[in-house]
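Please look at the structure shown below with its aromatic side chains in mind.

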Amino acid sequence: MDPPRALGPQGSGPPYHDGPLTPSERRDYARLRKRENLHHRRLRYAAASVLLVLAFVLSPLAVVAAWANSQVSDTDRYVQTVAPLAKDPSVQNAVTDRLTARVVENVDVKGITDALSNALAKTDAPPAIVDKSHLLAGPIKNALTTAVHTVVDKVVTSDQFAQLWDGANRRAHAAVVKTLTGEGSSAVEAKGDTVVLDLGTVVDKVQEKLVDEGYEKAANIPDVDKTIPLFRTDKLDDAQDTMRLLNVVGTWLPVTVIALAALAVWAAPAHRVTLMVAAIGIGVMMVLLLLGLVIARRVYLDSVPTTTLPPDAAASIYDTFVRFLRNSTRTVLITAVIAAVAGYLYGPGRGARFIRSAASRGTGATGRAMAHSGLRTGATGHWLETHRRWTTGIVIAAAVVALVLWNYPTAACVALVLGIAVVVLAVLAVLGAASTVEGTEENRPIGPDRTR
């Protein structure tokens, strides 16, 4: 029989006492505490879920924004982006055909045939020959086109053209700023629904070469024709607005995504599982971004008329412009895969335990062999062994910082950093195991971080 309970203050409220809890009170307390813990865990999972969803949605935009920002703010990066176009055969052919057509259009073939007719008439040539001299217009134009095309092709396919191309794009880097923000003036500009590159320097060089070859009419190439279209879209204004926004957030959006993912891992009760979910989710978004680039490529090629740019040249221009974006997306994808695998290897799975056990046996055997040969690490090795969690965390953090600070990391950079981190961890494990010989190891007390 439970002892009587005293009433609360002023004879009201629930009873209370200062003695030990009864069994029924302990059960009620345990139930309430379990309910409170469950509610707290649900709140943490809900907060982590919201943070992860935001990180997933923003991750593709962060990659695109960082790429756009690099193209605008880094002149060397922009020139590196467009440099391959100067040596692309399809682009060279498009430039050669366009410039050849412009030169031939400025040659008065009819005037040549009329002058020939007058000359023949003055020499008392047969009337039939004089009357049919206009039929030479076609062959003359074809011969002129072939000759001019040969000269222009020599210029466009030369190393000097590539140098002129790089120089023009470097001087015209403000073009990207104008195209994306509408500010400044440069050789690349938006004309209606088309983005064009002014090849004035290259055309001047072609003019000089043609004049030297005896084609004086080449000096009459009009300025309006010294351009080559790069992109054509009826949504240029919308694209400019979007790219302006991406350019503004290009620096901070990637940082925001990383912070959101880190907060989600910290807030969730299961840190390791949340890390794996974050990595897998971001990896899936990178795959979707790669698929989006493939779809955008098809849409772009369908939107470019063949009269504006040949399909092969348009494809080369698109692939060249977005190749660094593809590389960045693959880099993030590979990093996400590595993070997911690392989270699994730290888990309780059978495969993870086997890999950890095999690695521990290998480094332990190597370290003990060093100790037996007299290469003991002593107190330093003992410190490394007892503080293995700290050293592992420091190495992993250093690898992450290296990737964050790396200027435009690629998949090869990620593989290099990962390899260095694994080697450093293995070396630290070997040095820790080499602190004592096997006999001494068996007699050492078991510390908080060690198991027999």
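Is Tyr318 buried or exposed? Tyr318 is buried, with a relative accessible area of 7%, where buried means under 20% relative accessible area, exposed over 50% and partly exposed in between, with a 1.4 Å probe and protein chains only. This is a predicted model, in which local features need pLDDT of at least 70 and side-chain atom pairs count only at pLDDT 80 or more, while totals for chains, interfaces and linings use all residues. Residues are numbered from 1 along each chain as its sequence is written, and side-chain values use heavy atoms, with hydrogens and water left out.

**Aromatic pairs**

A search of the whole structure finds two aromatic pairs, a pair being rings of Phe, Tyr and Trp (its six-membered ring) with centres within 6.5 Å, called stacked if the planes are under 30 degrees apart, edge-to-face if over 60 and tilted otherwise.

| Pair | Centre distance | Plane angle | Class |
|---|---|---|---|
| Phe161 and Trp165 | 6.0 Å | 45° | tilted |
| Tyr300 and Tyr318 | 5.5 Å | 25° | stacked |

Phe161 and Trp165 are four residues apart in helix 7 (residues 159-171), which means that about one helical turn separates them; helices here are DSSP runs of H or I with at least four residues, numbered from the N terminus. Phe161 is buried at 3% relative accessibility, and Trp165 is buried at 2%. Because Tyr300 lies in helix 12 (residues 271-303) and Tyr318 in helix 13 (residues 311-345), their pair ties together parts that are 18 residues apart in sequence. Tyr300 also counts as buried, at 9% relative accessibility.

**Charges over a ring**

The ring of Phe324 has Arg77 over its face, at 3.8 Å from the ring centre, and the charged end of Arg323 sits over the ring of Phe324, 4.3 Å from its centre. A charge is taken to sit over a ring if NZ of Lys or CZ of Arg is within 6 Å of the ring centre and within 35 degrees of the ring normal.

Helix 16 (residues 388-405) contributes five residues, the largest share, to a nonpolar patch. Ile396 has its place in helix 16 and is partly exposed, at 40% relative accessibility.

Ser435, in contrast, lies in the loop between helix 17 (411-433) and helix 18 (438-443), and Ser435 is buried, with a relative accessible area of 8%. A polar atom of the Ser435 side chain lies 3.0 Å from the backbone oxygen of Gly432.

Methods: Helix = DSSP H or I, 4+ residues; strand = E, 2+ residues; numbered from the N terminus. Polar contact = N/O pair within 3.5 Å; in protein donor to acceptor, adjacent residues only side chain to side chain.
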